[in-house]
Amino acid sequence: MISPDAIANVSNAAYPRGTGAGSDERSDTLSADFETFLKMLTTQARYQDPLKPIDSTEYVAQLAQFSMVEQQVRTNDTLDALVSQMAVANLAALGGWVGMEARSASPVRFDGSPITLFPNPPQLAEEAFLVVRDAQDREVQRLAIPTTGEPVQWAGVDENGEPLPRGTYRFTVESHRGGEVIASDPAETFGRVVEAQIEGGDVYLLLDNGQTVSSHSITALRAPG
């Protein structure tokens with residue numbers, strides 16, 4: 001009698017998942033192996049001991065087991081097709097991010113042009129200051145701004161009107177009340193999305209200012225312009 005383990009081992013070797021083989025190719029192989037399996041049963045019946053014939057129920061059990069293996073292979077093919085479709089759908093969704101302008105609290109690359117910032121001081125704030133730090137986290141500028149939360153244009157020049165060095169800057173809004181600091185929050189900016197990618201189950205966006213941010217840190221999206 002053909003052992004169940006032999007059937008399972010042959011099937012697992014013939015139809016591994018994740019090998020990249022096509023569904024049609026696996027189906028052809030499955031049909032060929034099924035014919036071989038029937039020949040093995042026929043040969044087994046032909047050379048069985050006449051005094052101890054194999055019970056017909058054993059044949060049925062072996063056929064049923066092979067049928068289960070065949071069904072599992074076809075189920076695996078269906079699951080592989082569904083995974084491929086989901087991957088395509090995810091890529092199509094990611095494509096919708098590219099070209100959009102995303103707002104986040106990431107550092108910004110200064111190229112000499114003014115940068116529009118979106119501060120959000122608390123309502124209790126009596127004073128608010130825009131604190132600018134360079135790539136080495138050194139404070140390079142501190143400017144008083146309104147506490148109303150409207151957008152602020154940062155010109156990127158020092159107190160003498162000279163342009164600050166080009167590079168990456170980080171912006172923080174420091175809020176005061178009664179002479180005390182009550183909050184220190186990052187100011188947000190918009191950056192155009194030039195690339196979107198999936199990593200570790202999360203979506204990351206590469207912005208035109210050179211920063212890569214998680215989609216979870218995006219607070220707003222808008223059409224370019």
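Predicted model: local features only at pLDDT ≥ 70, side-chain atom pairs only at ≥ 80, totals over all residues.
Over residues 6-20 the pLDDT stays under 50. For that stretch the model has 20 contacts beyond four places in sequence. The average pLDDT for the chain is 78, and 64% of the residues score at least 70.

**Overall build**

The chain holds 3 helices and 12 strands. It has 225 residues, and 30% of them count as buried. Take the contacts with a separation of 6 or more: residues 24 or more positions apart account for 64% of these. The accessible surface is about 13900 Å². Carbon and sulfur atoms make up 54% of that surface.

**Salt bridges**

Side chains of opposite charge can pair when their charged atoms come close. How many salt bridges does a search of the whole structure find? The count is 9. The table sets out three of them.

| Pair | N to O distance |
|---|---|
| E101 and R222 | 2.5 Å |
| R138 and D134 | 2.9 Å |
| R192 and D208 | 4.0 Å |

Start with E101 and R222, whose side chains meet in a salt bridge. E101 lies in strand β1 (residues 101-104) and R222 in strand β12 (residues 220-222), so the pair ties together parts that are 121 residues apart in sequence. E101 counts as buried, because its relative accessibility is 15% and the cut-off for buried is under 20%. R222 is partly exposed, at a relative accessible area of 36%.

R192 forms a salt bridge with D208. R192 sits in strand β9 (residues 189-199), while D208 sits in the loop between β10 (202-207) and β11 (212-214), so this pair ties together parts that are 16 residues apart in sequence. R192 counts as partly exposed at 37% relative accessibility. D208 counts as partly exposed at 43%. Elsewhere, salt bridges that share partners join R133, D137 and R170 into one network.

**The β7-β8 hairpin**

Strand β7 (residues 167-177) and strand β8 (residues 180-186) run antiparallel, joined by 6 bridges. S175 has A183 in β8 as its bridge partner. The two strands form a hairpin with 2 residues between them. What is the phi of G178 in the turn? It is positive, at about 60°.

**Aromatic pairs**

The structure has 5 aromatic pairs. One of them is F118 with F190, an edge-to-face pair at 5.3 Å centre to centre with 80° between the planes. This pair links distant parts of the chain: F118 is in the loop between β3 (115-117) and β4, F190 is in strand β9, and they are 72 residues apart. Are these two residues buried or exposed? F118 is buried, and so is F190. Separately, F110, W154, Y169 and F171 form one aromatic cluster.

V108 lies in strand β2 (residues 108-110). V108 counts as buried, at 6% relative accessibility. Leaving aside neighbours within four places in sequence, V108 is in contact with I115, G167, T168, Y169, F171, T189 and N209. Two of these, Y169 and F171, belong to the aromatic cluster described above. V108 and D208 are 100 residues apart in sequence, yet 9.5 Å apart in space, C-alpha to C-alpha. D208 is the residue that forms a salt bridge with R192.

V213 lies in strand β11. V213 counts as buried, at 7% relative accessibility. Not counting residues up to four places away in sequence, V213 touches S104, S106, V203, Y204, L205, L207 and I218. Among them, S104 falls in strand β1, the strand that holds E101. V213 and P107 are 106 residues apart in sequence and 9.9 Å apart in space, C-alpha to C-alpha.

Definitions and conventions
Residues numbered from 1 in each chain as written. Heavy atoms only, no water. Helix = DSSP H or I, 4+ residues; strand = E, 2+ residues; numbered from the N terminus. Buried < 20%, exposed > 50% of the residue type's maximum accessible area, 1.4 Å probe, protein only. Contact = heavy atoms within 4.5 Å. Areas by Shrake-Rupley, 256 points an atom, 1.4 Å probe, with all protein chains shown as cover. pLDDT = per-residue confidence, 0-100. Pairing = 2+ DSSP bridges. Phe/Tyr/Trp six-rings, centres within 6.5 Å; stacked < 30°, edge-to-face > 60°.
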